[in-house]
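Welcome! Take a look at the model below, and then we can walk through a few of its features together.

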Amino acid sequence: MTSMATKFSPLCFTVFSSLLLILLATTSYSAQAIKAAHGFSSIKEATVHDIQLAFKQNQLSSRKLVELYLKQISRLNPVLKGVLEVNPDALYQADKADHERKFKAHGSLSPLHGIPILLKDNIATKDKLNTTAGSYALLGSVVPRDAGVVTKLRKAGAIILGKATLSEWAHYRFNAAHDGWNARKGRGKSPYTMGDPCGSSSGSAISVAANMAAVSLGTETDGSILCPSSNNLVVGIKPTVGLTSRAGVIPISQRQDSVGPICRTVADAVYVLDAIVGIDHYDNATVETSRYIPKGGYAQFLKTNGLRTKRVGIVRNLCIFGNDAVIAQIFEQHLKTLRKQGTILVDNLEITNIGEICSNEDIALAAEFKIYINAYLKELVVSPVRSLADLIAFNKKNSKLERLDYGQDLFIKAEKTNGIGNAEKAALVNLAKLTREGFVKLMTKNKLDALVTTGSSVSSILAIGGFPGVIVPAGYDSDGVPFGLSFGGLKGSEPKLIEIAYGFEQATEIRKPPKFKF
């Protein structure tokens with residue numbers, strides 16, 4: 001683990017980043033240079049398995065791999081804005097991985113060893129990278145330690161390629177619909193539509209979709225992994241809350257926050273999940289939730305026949321098609337595929353009182369955010385802001401820089417709260433009741449392994465109960481916007497969800513890389 005006592009100043013960092021991108025853009029990467037890797041000729045849609053095989057056959061080094069991803073970033077990121085910072089130490093880490101590979105048996109190394117990964121910019125790294133949630137307010141701040149998941153990634157030998165963009169403050173500064181926007185980079189774009197990437201883990205999804213990284217990490221409080229994965233035709237896993245550590249992650253709610261992978265394939269996402277789950281004593285929830293981790297990990301559930309005999313429920317009012325007949329038609333086709341693969345579908349189910357979720361969730365999140373963000377800011381080693389009140393004041397003082405015209409209504413609402421009072425306690429009781437009498441009752445009464453829905457429409461139901469979900473590419477709507485199918489289950493049901501998601505992915509093979517016109 002690399003540590004440092006001081007950070008770059010904002011001005012020095014900007015100059016450094018500009019020089020680095022110019023260097024990358026002007027570096028010669030000829031076709032001959034790429035082909036020098038013999039069998040591994042392109043990073044386009046390369047999976048973790050592809051990369052590890054190339055390592056094993058001495059067709060590729062981690063240094064060359066990082067250079068190829070940096071080249072892709074320099075080419076595409078000025079338009080897509082999926083990457084916020086590249087790690088100045090990425091090539092050093094790559095050289096270290098190459099050295100370790102020479103002296104260790106290949107089978108003893110993690111699947112992520114030597115693999116470049118992008119981290120959403122609310123996941124702390126104790127290195128030369130900033131952790132800012134996309135805001136200038138935290139530029140130059142110093143975190144006390146790596147986030148728990150980063151510690152595990154480093155132990156697995158992964159290369160921290162950089163930080164991915166996000167909806168600023170994980171879309172908890174304002175209600176306005178500016179998905180993928182943050183003050184430091186502007187608004188990210190889906191590589192498929194050049195439009196809304198969804199958020200808040202927008203950059204994590206954009207970057208893997210556009211092959212600017214092998215794999216990435218996102219976070220979700222409510223929909224922030226599932227929705228951008230859907231809009232960018234990639235795979236996202238939102239784990240059971242507490243299965244992955246949230247320590248060192250800029251928080252919204254410890255009751256709902258989760259850290260999970262966003263990747264191009266289910267297998268890659270599972271390799272990342274295996275690396276980041278487990279106990280972290282800086283996050284007490286991981287101790288209890290670790291009981292859900294299966295002996296032998298999650299990769300054993302990557303089964304092509306994973307759909308066979310699974311009971312999957314369909315709640316039609318959660319399958320939001322709007323007036324789009326194309327989505328409806330594709331959904332029905334996928335249901336036929338599920339049946340053909342041996343899935344038992346339980347149709348026309350209902351979850352009562354879905355409409356009551358949002359109002360109660362909003363009340364609880366506002367109070368929780370103030371509590372947890374204040375605690376996070378106070379723990380920073382160096383920071384120009386130490387409280388939510390400081391953040392509000394910073395935005396007012398730097399109104400143009402932070403686009404205060406977008407507002408900060410969620411910040412102001414949270415600041416007005418005073419702990420968990422009667423209103424918040426009532427909201428939490430209601431959320432527990434809605435979960436118990438809604439999703440849990442539906443799943444247990446019908447003996448379901450999973451619930452299937454289009455896009456991220458199930459996210460709030462999963463969020464309030466801390467339940468897991470996996471989303472897999474499913475197709476495109478009538479406007480050419482990608483969408484996925486979400487499979488959600490009860491706590492600890494990741495093994496079955498992985499079997500279902502992998503089986504569906506292998507049976508349909510929907511994922512295709514974007515075609516760029518710039």
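A residue is called buried when its relative accessible area is under 20%. Keep in mind that this is a predicted model.

Q: Is Arg-101 buried or exposed, and what is its relative accessible area?
A: The place to look is helix H5, residues 90-103, where Arg-101 sits. The cut-off for buried is under 20%. Arg-101 falls below that cut-off and is therefore buried, with a relative accessible area of 14%.

Q: Which side chain has a polar contact of 2.8 Å with that of Arg-101?
A: Arg-101 has several contacts beyond its neighbours within four places in sequence, including Phe-55, Leu-109 and His-113. Ser-62 and Gly-114 are also among them. The polar contact of 2.8 Å, however, links the side chain of Arg-101 to that of Asp-98.

Q: Which residue does a cis peptide bond join to Gly-199?
A: Most peptide bonds are trans. Here omega is about 10 degrees, and the bond is cis.

Q: What is the phi of Ala-133, a residue other than glycine?
A: Most residues other than glycine have a negative phi. Ala-133, in the loop between strand S2 (116-120) and helix H6 (148-156), has a positive value instead. Ala-133 is also buried, because its relative accessibility is 1%. Its phi is near 55 degrees.

Q: Where does Asn-353 lie, and what is its relative accessible area?
A: Asn-353 is in the loop between strand S10 (344-349) and helix H13 (357-379). Its phi is positive, near 60 degrees.

Q: How are H13 and H16 oriented to each other?
A: Two packed helices are described by the angle between their axes and the distance between the axes. The axes of H13 and H16 (residues 422-445) come within 9 Å and cross at roughly 130 degrees. The crossing is left-handed. By their angle, the two helices are therefore oblique.

Q: How many nonpolar residues does the contact of H13 with H16 have?
A: On the H13 side, the residues that meet H16 include Ile-357, Ile-363 and Ala-367, while Ala-427, Leu-431 and Leu-434 are among those in H16. By class, the contact of H13 with H16 has two polar and three charged residues, and the nonpolar ones number nine.

Note on methods. Residues are numbered from 1 along each chain as its sequence is written. This is a predicted model: local features need pLDDT of at least 70, side-chain atom pairs count only at pLDDT 80 or more; totals for chains, interfaces and linings use all residues. Side-chain values use heavy atoms; hydrogens and water are left out. Helices (H or I, at least four residues) and strands (E, at least two) are DSSP runs, numbered from the N terminus. Buried means under 20% relative accessible area, exposed over 50%, partly exposed in between (1.4 Å probe, protein chains only). A polar contact is a pair of N or O atoms within 3.5 Å; within protein, one must be able to donate a hydrogen and the other to accept it, and residues adjacent in sequence count only if both atoms are side-chain atoms. Contact means heavy atoms within 4.5 Å. Axes are lines fitted to C-alpha atoms, for helices over the stretch in contact, and angles run from 0 to 180 degrees between N-to-C directions. Angles under 35 degrees count as roughly parallel, over 145 as roughly antiparallel, 65 to 115 as roughly perpendicular and the rest as oblique. A crossing is left-handed if the near helix is turned anticlockwise from the far one by less than a right angle, and right-handed if clockwise. Ala, Val, Leu, Ile, Met, Phe, Trp, Tyr, Cys and Pro count as nonpolar, Asp, Glu, Lys and Arg as charged, and the others, Gly among them, as polar.
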